Amino acid sequence: MPNKLSPIEEPYADDVAAILKQYPQQNGYLLKLFRVFGNSLRFLGKGVPNLLDKESPLTLRERELVILRVTANLDCEYEWGVHVTAFAKVAGFDEKQIAATKLGSSDAVCWSEKEQLLLRAVDELCEKGGITPDTYNTVAEHLSREEQLEILALAGTYHTVSFVANTSGIDNEPFGATFPEG
């Protein structure tokens, strides 16, 4: 039998169960992605830092914009859909903006200047593995060092999340949004 990644099922080993208890759940439901992480105790415990906390130097809207764009750029409908469903409304995105995270350019008129800058930086990170000097100079003028590092950490984390979700081939969550047509 191949040794492919797939969500682990209960009953979980005690050490795995102890770590999984720290992951967000809704009515006892644990996302398939988190259960895929459970294939490695090391990865489960350390592989993906929790950057979804209230101490982030980015606003919830900025954080979610970065996450949605990274997952859209990497065609990770699973994670994009989870974040659209869980955070888009509270972050203040309208339907046009949600669609634009996947289909729109970074300079689309539906975004503020700061959001356009975030999108341009994320697009460059996804395409080039870094931010070009011209874009970075603008980023450095408008964002603190803490915010800059948070963007890099989020982009890196959600690259990893997208790699895991896409490679494991997990189906979208039943409640998750799907990519817009276009």
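Are Phe93 and Trp111 buried or exposed? I looked this up in a predicted model, and I find that Phe93 is buried, as is Trp111.

**Aromatic rings**

I searched the whole structure for aromatic pairs and got seven. One of them joins Phe93 and Trp111 in an edge-to-face arrangement, with 6.0 Å from centre to centre and 80° between the planes. I then checked where the two residues sit. Phe93 is in the loop between α5 (77-88) and α6 (95-103), and Trp111 is in the loop between α6 and α7 (113-128), so their pair ties together parts that are 18 residues apart in sequence. I also noted one aromatic cluster, formed by Tyr23, Phe34, Phe37 and Phe43.

**Charges over rings**

Next I looked for charged side chains over rings. Lys102 has its charged end over the ring of Phe179, at 4.4 Å from the centre. Arg63 lies over the face of Phe87, and I noted 5.1 Å from the ring centre.

**Backbone**

I turned to the backbone with a general point in mind: most residues other than glycine have a negative phi, and most peptide bonds are trans. Which peptide bond did I note as cis? It is the bond from Glu10 to Pro11, with omega near 5°. Pro11 belongs to the segment before α1 (14-20).

Asn27 is not a glycine, yet its phi is positive, about 55°. I place Asn27 in the loop between α1 and α2 (32-37). Asn27 is exposed, with a relative accessible area of 80%.

I also noted Asp75, another residue other than glycine with a positive phi, here near 50°. Asp75 is in the loop between α4 (60-73) and α5.

Terms used. Residues are numbered from 1 along each chain as its sequence is written. This is a predicted model: local features need pLDDT of at least 70, side-chain atom pairs count only at pLDDT 80 or more; totals for chains, interfaces and linings use all residues. Side-chain values use heavy atoms; hydrogens and water are left out. Rings of Phe, Tyr and Trp (its six-membered ring) pair if their centres lie within 6.5 Å; planes under 30 degrees apart count as stacked, over 60 as edge-to-face and the rest as tilted. Helices (H or I, at least four residues) and strands (E, at least two) are DSSP runs, numbered from the N terminus. Buried means under 20% relative accessible area, exposed over 50%, partly exposed in between (1.4 Å probe, protein chains only). A charge sits over a ring if NZ of Lys or CZ of Arg is within 6 Å of the ring centre and within 35 degrees of the ring normal.
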